[in-house]
Amino acid sequence: RFCPACGSSKVVKLNFKKIHCENCQFSLYLNPAAAVSLILYNENDQILIATRARNPGINLLDLPGGFIDPYETAETAAKREIKEELNIDINHLEYISTEFNIYPYNGVEYQTVDIGYACELKSDVKIVIDPELQKAEWLHYQNIKKNMFAFPSTFLILQNFINLKYDFTLK
């Protein structure tokens, strides 16, 4: 409602991604934020699924991951997020797909681009869960349900992986 440069209320939305101030001519582009989602899978055809401990999507399922920090690559962010959330060091990442998302936070709907990667782990890997997650558990890919996910983008990334690896469609 107000220009971030001059504070004027003479702000108009020119299109779905550009806001312009008629007072000082400042333009703000509402480009999406970048995030990573990780599919951690094991030799038993199980996928490590997290349950969110915070909003948005508290108590719903998610893939481990998070936002990419400034001056960080997607791959570096993926490794950092897994270390922070699960205390796991990973090396090899396989790109799966990219999906768009709307991430509601503090009354603002942020557009994100979620970049999905996969990494195989041993089922006995030691996991230490960060407080931003309620839990993380291994689920067989056939037992994962679409309607329990916090975000459509993470479910789509997961579905893309399961299609590629197992030729199976989640319900």
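Ring pairs join Tyr41, Tyr141, Phe161, Tyr166 and Phe168 into a cluster. The model is a predicted one, and the aromatic pairs in the structure number 9. In one of these, the ring centres of Tyr41 and Phe161 are 5.0 Å apart with the planes at 45°, so the pair is classed as tilted. This pair connects distant parts of the chain, since Tyr41 belongs to strand β4 and Phe161 to helix α2 (residues 152-166), with 120 residues separating them. Both Tyr41 and Phe161 are buried.

Tyr141 has a relative accessible area of 9% and is buried. Tyr166, at 15% relative accessibility, is also buried, because the cut-off for that class is under 20%.

The largest nonpolar core contains 20 residues, and Val36, Leu38, Leu40, Leu86, Ile90 and Tyr117 have the most contacts inside it. At least two residues of this core come from each of β4 (33-41), β5 (46-52), α1 (74-86), β9 (108-120) and β10 (133-140). Helix α1 makes the largest contribution, with 5 residues. The surroundings of Tyr117 show how several parts of the chain meet at one side chain: leaving aside residues up to four places away in sequence, Tyr117 touches Val36, Ser37, Leu38, Ile39, Ala74, Glu75, Ala78, Leu93, Glu94, Tyr95 and Ile96. Another core, of 18 residues, lies apart from this one and includes Ile39, Leu63, Ala118 and Phe149.

One of the contacts of Tyr117, Tyr95, also faces it across a strand pairing: Tyr95 stands opposite Tyr117 in β9. Strand β8 (residues 94-105) pairs with β9 in the antiparallel sense through 11 bridges. The two strands form a hairpin with 2 residues between them. Asn106 is in the loop between β8 and β9, and its phi is near 50°, a positive value in a residue other than glycine. With a relative accessible area of 69%, Asn106 is exposed.

Ser97 also belongs to strand β8, but it is buried, with a relative accessible area of 9%. What does the side chain of this residue meet? The side chains of Ser97 and Asn160 are joined by a polar contact of 2.8 Å. Beyond residues up to four places away in sequence, Ser97 touches Asp114, Ile115, Gly116, Ile157 and Asn160.

Two further loops have backbone features of note. Asp45, in the loop between β4 and β5, has a phi near 60°, which is positive although the residue is not glycine. Its relative accessible area is 29%, so Asp45 is partly exposed. In the loop between β5 and β6 (61-62) lies Pro56, and the peptide bond leading from Asn55 to Pro56 is cis, with omega near 0°.

Strand β2 (residues 18-21) is joined to the antiparallel β3 by 3 bridges, and His20 stands opposite Ser27 in β3.

Ser8 lies in the segment before β1 (11-15). Is this residue buried or exposed? At 13% relative accessibility, Ser8 counts as buried. A polar atom of its side chain lies 2.9 Å from the backbone nitrogen of Lys10. With residues up to four places away in sequence set aside, Ser8 touches Arg1, Phe2, Cys3, Cys21 and Asn23.

How values were computed. Residues are numbered from 1 along each chain as its sequence is written. This is a predicted model: local features need pLDDT of at least 70, side-chain atom pairs count only at pLDDT 80 or more; totals for chains, interfaces and linings use all residues. Side-chain values use heavy atoms; hydrogens and water are left out. Helices (H or I, at least four residues) and strands (E, at least two) are DSSP runs, numbered from the N terminus. Buried means under 20% relative accessible area, exposed over 50%, partly exposed in between (1.4 Å probe, protein chains only). A polar contact is a pair of N or O atoms within 3.5 Å; within protein, one must be able to donate a hydrogen and the other to accept it, and residues adjacent in sequence count only if both atoms are side-chain atoms. Contact means heavy atoms within 4.5 Å. A nonpolar core is a set of buried Ala, Val, Leu, Ile, Met, Phe, Trp, Tyr and Cys residues joined through side-chain atoms within 4.5 Å. Two strands pair if DSSP finds at least two bridges between them. Rings of Phe, Tyr and Trp (its six-membered ring) pair if their centres lie within 6.5 Å; planes under 30 degrees apart count as stacked, over 60 as edge-to-face and the rest as tilted.
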